[in-house]
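Please look over the sequence and the model below before reading on. The report then moves from the overall fold to charged pairs and a surface patch.

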Amino acid sequence: YDLEGKGLITDPHPFSLREYGEPGVTYFAHLDPAISSHNYALVVAHRNIFLNRETKKVDFNLVMDHIKLWTPKEGKPIQIDEVDEYVVDLNRRFHLGLVTYDQWNSQSSIEKLRKAGIPAQKTMFNKGYKIQIYDELYQLAATGKLKLPFHKTLRDEMLNLQRKFMAQGYRIYPKTEGEVRTDDCCDALAGACFNALKTDAT
């Protein structure tokens, strides 16, 4: 998928992962759920608006602010209530404009978040949607607008991500022989960035 070739992993920038959001900034999150086999991943991102000194115009970066990973252990699946409570607490630290889940078994979590006053919805995480969010992620990376503080699992997933073109679009998945065979963090990143791009911040 060549995200490293876009300078995404190595480009220096001043941003770092954070536990608290900045006042007046709206953040967007996406969760890639799992219970027993894959990781359960959460990414929070926001649009950073600034004046581009070269073009003299208002521009933006897309910044990853927070990432959280729950990993199942043998005989001990991930506790969904624990994830829900984490997101509710996260909303006390970040002004969350939207939280999305892929459609897998997430309705009860969405209802719990909505009761806590958090805008939450389910995405149709099918092939068409995945192509759409990864197209946006690729464009952000290619234009130097995506700013990612270092996170080892995310970096390793990106290095082992591949794209296979098909008759209709393409499929993105981890290399079967790769060192890392998950894409949960990448999916959560792509979903959060898509939310930040496509949702009006209020």
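What follows describes the chain as a whole, then its salt bridges, and lastly a nonpolar patch.

This is a predicted model, in which local features need pLDDT of at least 70 and side-chain atom pairs count only at pLDDT 80 or more, while totals for chains, interfaces and linings use all residues. Residues are numbered from 1 along each chain as its sequence is written, and side-chain values use heavy atoms, with hydrogens and water left out.

**Overall fold**

The protein chain holds five helices and eight strands, these being DSSP runs numbered from the N terminus (helices H or I, at least four residues; strands E, at least two). Their order along the sequence is β-β-β-α-β-α-β-α-β-α-β-β-α. The C-alpha trace spans about 55 × 45 × 30 Å along its principal axes. Of the 202 residues, 49% are buried, where buried means under 20% relative accessible area, exposed over 50%, and partly exposed in between (1.4 Å probe, protein chains only).

**Salt bridges**

Side chains of opposite charge can pair when their charged atoms come close. Twelve salt bridges are found in the whole structure, each being a side-chain nitrogen of Lys or Arg within 4 Å of a carboxyl oxygen of Asp or Glu. Three of them are listed here.

| Pair | N to O distance |
|---|---|
| E22 and R18 | 3.3 Å |
| R93 and E19 | 3.1 Å |
| E136 and K198 | 3.2 Å |

R93 lies in helix α1 (residues 80–93) and E19 in the segment before β1 (26–32), so this pair links parts of the chain 74 residues apart. R93 counts as buried at 13% relative accessibility, whereas E19 is partly exposed at 44%. Both belong to a network of salt bridges that also includes D89 and R92.

E136 in helix α3 (residues 127–142) pairs with K198 in helix α5 (residues 184–198), and the pair therefore ties together parts that are 62 residues apart in sequence. E136 is partly exposed, with 22% relative accessibility.

**A nonpolar patch**

On the surface, I49, L51 and V58 form a nonpolar patch with about 340 Å² of accessible area together. Such patches are made of residues with over 30% relative accessible area and no salt bridge, like charges being joined within 9 Å and nonpolar side chains (Val, Leu, Ile, Met, Phe, Trp, Tyr) within 5 Å. V58 is found in strand β3 (residues 57–70) and is exposed, with a relative accessible area of 68%.

Note on methods:
Areas by Shrake-Rupley, 256 points an atom, 1.4 Å probe, with all protein chains shown as cover.
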